[in-house]
Every structure is written in structure tokens, then in C-alpha cells.
Amino acid sequence: MAYTAMSGSGTTSADDPLQTAVWRLRSRACWADAAALLDAATADASLQRAALLVERCLYTEQGWEEAEDALRTAEALAQSDDERGAAACERGQLAYAATLLGVRDRADEARAALGRAAALIPPGVAGRAVLDFRRGLLAENLARSPQAARAAYRRAHAGATAHDDPLLLSFTWRHLAGLALREGELAEARHGFGESLRIREELGYLVGTAPALASLADAESEPEASRLRAEAGRLFRLLGGVPTWLARQLAPPAASA
């Protein structure tokens, strides 16, 4: 287990009813409500609860102390290498989010935590794919190394495919497409963004659909680009302005002087 919060558990009819309820709340940007459903007395549940609250920080730029408290609980309850690795992976993600969003520079902490996770999580397991993806985020957005980011995203993509993790695939498709767009590979970018959007719509991942629409718009020409941005804006407002960082991407271009 240990990675249920990231893997999209609860998205199929065969899933546990509790996980289904958690997923429905999470996908609608109700992370605190989803976390409240979980009994934090067990290592697995405490890890999932921490992951939900860490994700809320990344999407809302709020709730940092609550996420820290949940993460400390998860770290204290972790006993196996898998659980300790999962907790370190979440620690790295929280530090990454704080750095990326300008709350506090915790880049060194993020690298160290993901390094610990890499030492504890063996290659080939589901959690390794999540870790590879997060190491790609650090490489792309903090180290500014697109080559290293692409390699990490591709490892994560292969792992998500092997472990049938469609939600993670929606993230790897999107970030690989983003790198392709920066290099002017429009056809590759459109394909990747389109796959990410398709998966998120199929899963009902509402909070991730607006970013997927906006990213695809960046790779499209008019009038399709404007249509996609308008739809992204509608969903963004429906969710109360979440994710917060999408506001910058949806802002109309400044008029030329």
C-alpha cells in the first residue's frame, strides 16, 4: 500500500467504499474532508492522510502546518522500509511544494528526503514510479535540468504503465508533453496533453482537469486554444480558484503598448 493517495485508489467500482469516498472528495479539491475519513492510528492510513494534506498544499498554497503534523505522525508510525520510504517521499514532496510556491526555500530538504526514499524503495515496485516522478519535478523545476527530468518522467511513466496507475500516467503524460512543448515539438506535446486530459476526465479527477485543459490549450492554435482555456476557467472558478497557480496561466495576455 503506502501510495494509495497518489495512485488514485477508489476510482473503480471494485474498490473499497472508504477509498471511493476519499477519492471523490480528493478529486473535488476537498482534501481536508477526505483526510478526516481516515483513521490515522495505522501506518498506511496515516501515510495516505499525510499525502492528501501535502497535495492540498501544492494545489491551494495553504495548510502547511496541518500537513507537517500529519507527516510527523506518519513518520512516527512507519515501521517497514516501504512505509519509511513512502513517508520520506511525502516529506520530499512537501519541501518541494514549499520551495516551488515561494513559501520557504527547502530545496536541500526535498533532495535529501527523496534520496532517502530512493534508498528504501526498491526498483520495480509501485512506489518507485511515484518517487521517479517527484524526482523529475525537482530536476525540471528546481535544478532546471530538462534532460534529467525527462529521464525521470520516462521511468515513472514505465512504472505507472506496469502497475496500471492511470492517475500517475496522467501526470507523466502532462509533464513529458510540457518538455516537448518547450522544445517546439507541437505534435508530441498535443498528444501527451490530450492523453493526460482524457485520463483525468475518465477518472473524474476534476481538480486536475482544468490544468490539463489549460496545458492542451498552450499547444493548440486558435480558436481551439481559446475554447479550451474558457473551459479550464469555468472549472477553475467552479472549484473556488483551485489550483491557485493556474490563475497565472489563465490570465489574458497583457495588451501591447
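Predicted model: local features only at pLDDT ≥ 70, side-chain atom pairs only at ≥ 80, totals over all residues.
**Figure 1. Leu169, a buried residue of helix α10.** Let us start with one side chain and its surroundings. Leu169 belongs to helix α10. Its relative accessibility is 15%, so Leu169 counts as buried. Leaving aside residues up to four places away in sequence, Leu169 touches His157, Ala160, Thr161 and Ile199. Arg155 gives a sense of scale for this view: 14 residues separate Arg155 from Leu169 in sequence, and their C-alpha atoms are 11 Å apart in space.

**Figure 2. Helix α10 packed with helix α8.** Staying with α10, we now bring in a partner helix. Two packed helices are described by the angle between their axes and the distance between the axes. Here α8 spans residues 126–141 and α10 spans residues 166–182; their axes come within 11 Å and cross at roughly 25 degrees. Because of that angle, α8 is roughly parallel to α10. The crossing of α8 past α10 is left-handed. On the α8 side, Ala129, Val130, Phe133, Leu137 and Glu140 make the contact, and they meet Leu168, Phe171, Thr172, His175, Leu179 and Arg182 of α10. Sorted by class, the residues of this contact comprise 7 nonpolar, 2 polar and 2 charged.

**Figure 3. Helices α4 and α5, packed in opposite directions.** Helix α4 covers residues 43–60 and helix α5 covers residues 64–77, with axes that come within 8 Å and cross at roughly 155 degrees. The two helices are therefore roughly antiparallel to each other. Their crossing is left-handed. From α4, the contact takes in Ala43, Ser46, Leu47, Arg49, Ala50, Leu53, Val54, Arg56 and Cys57, while α5 brings Trp64, Glu66, Ala67, Ala70, Leu71, Thr73, Ala74 and Leu77. The classes here are 12 nonpolar, 2 polar and 3 charged residues.

**Figure 4. Glu61, in the loop between α4 and α5.** Glu61 sits in the loop between α4 and α5. Although Glu61 is not a glycine, its phi is positive, at about 60 degrees. With a relative accessible area of 29%, Glu61 is partly exposed.

**Figure 5. Asp164, another residue with a positive phi.** Phi of Asp164 is near 50 degrees, a positive value in a residue other than glycine. Asp164 counts as exposed because its relative accessibility is 66%.

Figure 6. A disulfide is a covalent bond between the sulfur atoms of two cysteines. The structure holds 0 disulfides. For Cys57, the closest cysteine sulfur is in Cys89, and at 15 Å that sulfur is too far for a bond. Cys57 has 0% relative accessibility and so counts as buried. Cys89 is buried too, with a relative accessible area of 0%. Readers may recall Cys57 from the contact of α4 with α5.

**Figure 7. Ser27, a buried serine in helix α2.** Ser27 has its place in helix α2, which runs over residues 17–27. At 0% relative accessibility, Ser27 counts as buried. Who are its neighbours once residues up to four places away in sequence are set aside? Ser27 touches Gly204, Tyr205, Leu206 and Val207.

Figure 8. Glu222 and Pro223 are joined by a cis peptide bond, with omega about 5 degrees. Pro223 lies in the loop between α12 (206–219) and α13 (224–238). The peptide bond from Val242 to Pro243 is also cis, and its omega is near -5 degrees. Pro243 is found in the loop between α13 and α14 (246–250).

Definitions and conventions:
Residues numbered from 1 in each chain as written. Heavy atoms only, no water. Axes fitted to C-alpha atoms, helices over the stretch in contact; angles between N-to-C directions. Helix = DSSP H or I, 4+ residues; strand = E, 2+ residues; numbered from the N terminus. Parallel < 35°, antiparallel > 145°, perpendicular 65-115°, else oblique. Left-handed = near helix turned anticlockwise from the far one by under 90°. Contact = heavy atoms within 4.5 Å. Nonpolar A, V, L, I, M, F, W, Y, C, P; charged D, E, K, R; others polar. Disulfide = S-S within 2.5 Å. Buried < 20%, exposed > 50% of the residue type's maximum accessible area, 1.4 Å probe, protein only.
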